[in-house]
Amino acid sequence: MASDNAVKLYNKINSLLNARRLHESFSLLGPEIASQSDPALLDLLKRQEDTYKYMLHYLVEGFADEGRERMLSEIVATLFFINDSLLRNKTIIDSPDIYSSTLRFERIRKVSLASRLSDYRKAESMAILAKEAGGQNQIRKDADDKLLALFSYIWTMFGSSSDDYKSLSEAVKDPDLPFQFKSQVISALMLGCLRFFDRKAMECLLDIYDSDPGPKLSARVIVALVFIMQAHPKRIENDSVLYARISLWEDSIIIYRQLREVVMSIIRSHDTERISNKMQNEVFPELMKLRPEILNKLKNVSENSDLEMLDINPEWEELLNKNGLGDKLKELTEMQMEGGDIMMMAFSNLKSFPFFNSVANWFLPFFSEHNEIAYPTLESAGMFNEILDMEGVMCDSDKFSFAFSLNSMPESQRKMVAERMGSQMAQFKEAMADRKLKSSVPEFDNEVTRYVRDIYRFFKLFRKKEDFTDPFEKPFDFSSVPVIKNILSDSEILNLVGEFYFKRGYYGEALPLLSKLADDNREDSLLWEKIGYCYNASGNLEEAMKWYKRAELVHPDSKWLLKKIALCSRMLNKFDQAAQYYAKALESDPDNYHLLMSAGHCMLESGNSIGAVANYYHADYVKPGKTSTWRAIAWGELLSGDAKKSLEYYSRILEKDDSNAMDHLNSGHANYVLGNLKEAAECYKRSARNNGFGIKGLEKAIAEDMPELEKLGVNPVEFNLLIEKVKYDI
């Protein structure tokens, strides 16, 4: 395992290379290579330094060199590679992480890529022949095992020769090799590149993508490239050759559309945890609460009743609407229609099968011929195959989970599941047909969604996920990814992503996108409202007020805006301004209880106790008998000088079960102002004895109220004596 000092040195050299301070980089890399006794790296470093010195010499001599920038970029890229190699060599010596363990095993076996490819080709050919002949599962297993071994090699092949990467890209283009092989090559290259940036792997993936391998494979390659570019933006920017090649994407409307789909799919995955939490913490608990009622209703259904009629029974709709469950289910349905991953929670508990102990299997496209899938032949098998083969219903790792679950079921239970799912197949097909109509390239879009979900599941659910840096840990910021930020800079994608984040409540992520849109569109007041709301949600009230007031110029009568400005003003302790805005909001909604109460509170805080009381009485008229309203009236009447009226309301409150220590305290204040010292003392005693309020609580509350009491003519010295008496009596 690399020491902290080794990591610090690695980071320091990377910083120097980013700043193109190569002289210092060479001086630090030399001793490190010498300490590792790696002659190949030392020779590579020496050749790079010699080239760099010649380049500097020709520069000083005044020679023009059009290839100087390209040469410098190549030297920097090579030095990055050397630095990565040094850290990698130190890490794998004894590190227990799965990458290092796999690499140590590969080095022990000393098998070449060419040999691995040859072994796989032979094994796959034998498996195809065996299948045509009604063949043996063991032959299929041999091919699957060879693919696993190939994945491990490619994943850890950092530093291999250019010929190896070329042979990989040629193998992926081979029409005779199956989709699962080609997909695994892409995933292994991506995973290896996420650990250590591999320029040759990037070029290999770009070669595959440029060969136009078809929509499904193109989807996987561009997803892999986007994740790598997100993980290593500086490396892409500093590599003029790679950057120039990727920049060619800017001229293609097809790539623009593909990137937009990939980016939106990655961004939607950020919402997966929230969806799962909503299902686990809100939907399922409410369903469990309703379980007794559901069972009771089922008991009332006679054997001759048409069970399908239950679907349209108003009582069932009423049952689901209890505690807002119907709205939550509707929200989940909308999320699913918009591409939300509601399957994650359902299948997260089905990843404990031994199949998922292997890194490679999390990325493997589902194919029913896999040696671990062969569940017994039965009538329902056709139905299951139809479900598993359907595009867009489940991602590949979930399909494997489903198939393994079927394997573990008794045959009778499998038949029952098949019958139940069969009735829903028509709905599935209809939904997927509708989705295809909405997409001009459904095969590409569906593959992007499935692949991103497979990647998400790996980083979130793999048994040793802590060995990997999770690319989903933070929201995907496509505006910081080289080239992509140039391609996806139009208002359409900014609005699409910004609205997604805003609608889902990710206001911190929505704000920069909405702000950029506002810079380009200076007349969209609804956009200003959303920006204000984002600032409001993040606690920046002053900035929120600026945007709300800007929008107010266009929509001066917007009740929503008036309420938001009023609330921000109140939170900023600008009570006069808040009261004015609440008053404006009440003009269009005079009987709004909450507005009346809020307006009253702000008036009270600003010293207008008479106006506050008027609002409180109006609120009591709208919703009579609420204890909270009576408390406001009683306190407002006391501050406005009518202690008698205040005491009447406190007497009503104290008759209720929900009265508290503060009610007894304030009743004591009213009695004291009226001169009822004995009654006041009794009230203060009851306050101190109420639910552990105690003398300390009483004294603290009185200290807070004393400024208002003094305005009402209370003598602090005399009042303090009364409290002394209360202390003796308790």
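**A helical chain, its salt bridges and a pocket**

K351 has a relative accessibility of 9% and therefore counts as buried, the term buried standing for under 20% relative accessible area, exposed for over 50% and partly exposed for what falls in between (1.4 Å probe, protein chains only). This residue belongs to a predicted model, in which local features need pLDDT of at least 70, side-chain atom pairs count only at pLDDT 80 or more, and totals for chains, interfaces and linings use all residues. Residues are numbered from 1 along each chain as its sequence is written, and side-chain values use heavy atoms, with hydrogens and water left out.

K351 forms a salt bridge with D398, and the closest N and O atoms of the two are 2.8 Å apart; a salt bridge here is a side-chain nitrogen of Lys or Arg within 4 Å of a carboxyl oxygen of Asp or Glu. The pair links distant parts of the chain, 47 residues apart, with K351 in the loop between α18 (343-348) and α19 (381-389) and D398 in helix α20 (residues 396-407). D398 has a relative accessible area of 0%, so this residue is buried as well. Salt bridges that share partners also join R220, D396, E447 and R450 into one network.

A search of the whole structure finds 46 salt bridges. Side chains of opposite charge can pair when their charged atoms come close. E74 is partly exposed, at a relative accessible area of 26%. Another salt bridge joins D271 to R504, with 2.9 Å between the closest N and O atoms. D271 sits in the loop between α14 (253-269) and α15 (272-299), and R504 in helix α24 (residues 491-504), so the pair ties together parts that are 233 residues apart in sequence. Both D271 and R504 are buried.

Turning to the chain as a whole, the secondary structure comes to 37 helices and zero strands. These are DSSP runs numbered from the N terminus, helices being H or I with at least four residues and strands E with at least two. Of the 730 residues, 49% count as buried. Among contacts between residues at least 6 apart in sequence, 67% join residues at least 24 apart, where contact means heavy atoms within 4.5 Å.

T102 lies in helix α5 (residues 98-109) and, at 14% relative accessibility, counts as buried. Neighbours within four places in sequence aside, T102 is in contact with S152, W155 and T156.

Finally, there is the second largest pocket, which holds about 940 Å³ of space. Of the 36 residues that line this pocket, L194, R195, A231, H232 and T469 are the closest to its centre. A pocket is an open set of points on a 1 Å grid over the protein atoms alone, where a 1.4 Å probe fits, with protein on both sides within 12 Å along at least five of seven lines; lining residues have an atom within 4 Å of a point. The volume is the space filled by probe spheres set on the points. Helix α1 gives the most to the lining of the second largest pocket, with five residues.
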